[in-house]
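Here is a short briefing on charged side-chain contacts. Look at the structure first, then read on.

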Amino acid sequence: MTLTRVCQKPSPENTCIGWVGTGVMGVSMCSHLLDAGYDVRVFNRTREKARPLLDKGAVWVESPGQAAQEADVVLTMVGFPRDVRQVYFGEDGLLEGIRPGGICVDMTTTSPDLSREISQRAAEKKAFALDAPVSGGDVGARNGKLSIMVGGDWPVFEAIFPLFRLMGENILHHGPAGSGQNAKMCNQIIIAGTMIGVCESLVYAAAAGLDPDRVLGSVSKGAAGCWTLNNLAPRILKSDYAPGFMIDHFIKDMGIALEESRRLGICLPGLSLVEELYKKASAAGHGCSGTHALYTALLDSGK
Ligand code: NAP
């Protein structure tokens, strides 16, 4: 399918979708496309993790390159920038298989530079690329209520919009390639601040002998209310540290934001401090826990 055809509006009748990366976020996001009736070709490093999608009718392919050969639009949701490189530029990678007029959309949180590189390499193959990282966590992915931040050519964004709409409810275009990733970095800078605030507040509540559930009942309804407080503080109180959003992924994001901020000539001391605390938490063995496990790391460091 060419861009012109996609502009006519993708539908299950005229569009085959490729999906790469079926972890915490990818499985839920891709499920919404299957539920809408799309024909989906799926690939993941560990095949078993694609099982819920295969059970719903997705067809397994052997590589990102094969997904790109067979599909009109390929969406990717892998972990780290090195995974994105492997998926797009590696052997039998997506950009090896992509057809002229094909569209690839990287929804991984990665570096703006890498998104620009993908866009350039796609253009060399007369194909199109968008960066479209998301916010809203595992809950937002499951409920199709993500906030999607998009960079790349406007006509391609418009063309793909109906697919984004199946996964998210707040979808904004931010500018040329890499702009979606930059918007996501703004999001992560806020999350770093709210996360340390929520965790330190609960450490304080416990030390002051307060009932933490009652404290949450008060503060979540006041000016401190936010997504992190509403969604993650209750998990902390149940000692449920499953990801969610992994600490090592957050360290990756803070590293990207700090590198970009150096390039932009700005200084973000709050972010640097939170990054340092998270690196300690990861070194203490919490890297694969949810980001709210910073709470236990803070308790341990206070002992
Ligand atoms: P995840 O559970 O680790 O999923 C990543 C998936 O990508 C895994 O299934 C992994 O395969 C697969 N993968 C990695 N390299 C691959 C490759 N070369 N070829 C094929 N598949 C590959 O991570 P996630 O929580 O879904 O997060 C995905 C991205 O979204 C990250 O960039 C994260 O920062 C971002 N994000 C996460 C959240 C959240 O709340 N979780 C929210 C917003 C944004 P294996 O199964 O073999 O590991």
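Asp39, Arg41 and Glu70 are joined by a network of salt bridges. The model is a predicted one. In total it holds 14 salt bridges.

**Pairs within a helix**

- Arg142 pairs with Asp138 in a salt bridge, and their closest N and O atoms lie 3.9 Å apart.
- That distance falls inside the cut-off, because a salt bridge requires the nitrogen to be within 4 Å of the carboxyl oxygen.
- Both residues belong to helix α8 (residues 137-143), where they are four residues apart, so about one helical turn separates Arg142 from Asp138.
- Arg263 forms a salt bridge with Glu260, with 3.0 Å between the closest N and O atoms.
- Arg263 and Glu260 sit three residues apart in helix α13 (residues 247-264), so about one helical turn lies between them.

- Lys252 and Asp253 meet through their side chains in a salt bridge, 2.9 Å from N to O.
- Lys252 has a relative accessible area of 12%, so this residue is buried.
- Asp253 is at 0% relative accessibility and likewise counts as buried.
- The cut-off behind these calls is a relative accessible area under 20%.

How values were computed: Residues are numbered from 1 along each chain as its sequence is written. This is a predicted model: local features need pLDDT of at least 70, side-chain atom pairs count only at pLDDT 80 or more; totals for chains, interfaces and linings use all residues. Side-chain values use heavy atoms; hydrogens and water are left out. Helices (H or I, at least four residues) and strands (E, at least two) are DSSP runs, numbered from the N terminus. Buried means under 20% relative accessible area, exposed over 50%, partly exposed in between (1.4 Å probe, protein chains only).
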